[in-house]
Amino acid sequence: MMNVTRDLFKLPLEEKQKYTNLVGGKKEYRLESYGSDMDRSEWPVLDWRDQFYFIMEAESQRLDDLWPTQPPSFRDVLHRYAGRCRELADGVLREVAKVAGLREERYLADMLDEKAVTYVGLNLYPRCPRPEKVLGVRPHSDGTMLTILLADAAGLQVLRDGEWYDVPVVPGALVVNLGDTVEVMSNGLLTSPVHKVVANGERERVSVAAFFTVDPEREVEPAPELVSDKRPRLYKKMKNSDYMRELQDSLARGGRAIDKVKL
Ligand SMILES: O=C(O)CCC(=O)C(=O)O
Ligand SMILES: [Fe+2]
């Protein structure tokens with residue numbers, strides 16, 4: 001997966017721009033596509049990365065035109081990677097449900113039904129001549145059930161008790177982040193980590209992020225059995241598609257979408 005992603009970014013710009021996020025060459029961006037950060041941001045500095053971003057699963061929801069056709073093995077490799085990630089997501093969500101004390105082990109895993117959408121982000125963080133001036137990705141948490149990350153270099157950092165910690169890179173290992181949807185459904189028993197990617201002055205970095213999100217029409221709220229007098233409800237209900245919109249706004253402003261649903 002890492003090799004085809006690196007090869008994809010090495011393609012000539014004309015090839016990559018077939019999937020551009022500029023609509024009609026203008027600054028009206030679409031989310032699913034190839035390009036760099038949108039400069040509608042109120043955030044003063046854009047993210048230092050190039051990204052392909054499109055639907056990976058369910059197969060029936062894929063926009064075929066946005067799946068790169070080069071390098072030749074790309075589609076087949078990504079299709080197989082998607083299947084393996086799904087198995088992992090299912091297993092992790094079953095364990096997470098147990099940790100949260102949910103009676104039904106499949107409560108969270110079952111949220112990834114046929115209407116759930118998995119996006120993939122293929123990221124290139126170029127070597128940066130002034131790494132202290134920019135970030136690869138600004139601080140945020142993911143609006144997902146979980147995110148599965150594969151990266152070939154250090155750079156990811158996670159915030160804990162006000163301090164940033166490096167996430168180590170273990171060759172061939174994946175990093176799994178819980179997202180905001182699990183935080184809400186677990187009524188805050190599990191939290192969605194704030195993370196960022198720092199720019200690197202020495203080398204480029206490539207990463208692949210699989211974002212498992214629930215059906216856009218699904219109303220996300222704490223599991224009723226995790227709400228009690230002792231543990232009052234901490235989040236209000238919000239339709240997932242509305243949450244996704246909040247997320248884009250928060251990224252542009254620099255705040256956190258989850259604060260919008262906190263009671
Ligand atoms: O590239 C990475 O390691 C993480 C990227 C990320 O956090 C994101 O795209 O949401
Ligand atoms: Fe993220």
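Before the model itself, one bit of bookkeeping: when I sort residues by class, Ala, Val, Leu, Ile, Met, Phe, Trp, Tyr, Cys and Pro count as nonpolar, Asp, Glu, Lys and Arg as charged, and the others, Gly among them, as polar. By that scheme, the shell around ligand 1 splits into 4 nonpolar, 4 polar and 3 charged residues.

Okay, some ground rules. What you see above is a predicted model, where local features need pLDDT of at least 70 and side-chain atom pairs count only at pLDDT 80 or more, while totals for chains, interfaces and linings use all residues. Residues are numbered from 1 along each chain as its sequence is written, chains are lettered from A and ligands numbered from 1 in the order in which they are written, and side-chain values use heavy atoms, with hydrogens and water left out.

So, ligand 1. Who is around it? The residues are Arg49, Asn123, Tyr125, His140, Asp142, Leu149, His195, Val197, Arg205, Ser207 and Phe211; to be near a molecule, a residue needs one of its heavy atoms within 4 Å of it.

Now the polar contacts, meaning pairs of N or O atoms within 3.5 Å; within protein, one must be able to donate a hydrogen and the other to accept it, and residues adjacent in sequence count only if both atoms are side-chain atoms. Take the side chain of Tyr125: one of its N or O atoms is 2.6 Å from an oxygen atom of ligand 1. For the Ser207 side chain, the distance to a ligand 1 oxygen is 2.7 Å, and for the His140 side chain it is 3.0 Å. Ligand 1 taken alone exposes 300 Å², and the protein buries 96% of that; these areas come from the Shrake-Rupley method with a 1.4 Å probe, and for residues only the protein chains shown count as cover.

Which elements give two or more residues to that shell? They are β5 (117–125), β11 (195–198) and β12 (205–213), with helices (H or I, at least four residues) and strands (E, at least two) being DSSP runs, numbered from the N terminus. The most comes from β12, which gives 3 residues.

On to the metal. The iron ion, ligand 2, is coordinated by His140 through NE2, Asp142 through OD and His195 through NE2, at 2.1 to 2.2 Å. A donor here is an N, O or S atom within 2.8 Å of the metal (3.2 Å for Na, K and Ca), and water is not among the atoms, so sites may look incomplete. If you want the sequence spacing of those iron donors, it reads H-x1-D-x52-H.

Let me stay on His140 for a moment, as it turns up both in the ligand 1 shell and at the iron. His140 lies in strand β6, residues 135–140, and its side chain reaches the backbone oxygen of Arg138 at 2.9 Å. Is His140 buried or exposed? It counts as buried because its relative accessibility is 15%, where buried means under 20% relative accessible area, exposed over 50%, and partly exposed in between (1.4 Å probe, protein chains only). Asp142 is buried too. Between them sits Ser141, in the loop between β6 and β7 (146–151), and Ser141 is buried at 7%.

A cis peptide bond joins Glu57 and Ala58, with omega about 0°, and Ala58 is in the loop between β4 (50–57) and α3 (74–99). Another cis peptide bond joins Gln70 and Pro71, with omega about -10°, and Pro71 also has its place in the loop between β4 and α3. At 11% relative accessibility, Pro71 counts as buried. Pro71 and Leu11 are 60 residues apart in sequence, yet their C-alpha atoms are 8.1 Å apart in space.

Two residues other than glycine have positive phi. For Asp161, phi is near 50°; this residue is in the loop between β8 (156–160) and β9 (163–166), and counts as exposed at 74% relative accessibility. For Asn187, phi is near 50° as well, in the loop between α4 (180–185) and β11, but Asn187 counts as buried, at 0%.

Last topic, cysteines. How many disulfides does the structure hold? The count is 0, with a disulfide taken as a pair of cysteine sulfur atoms within 2.5 Å. Cys85 is buried, at 2% relative accessible area, and Cys128 counts as buried at 2%.
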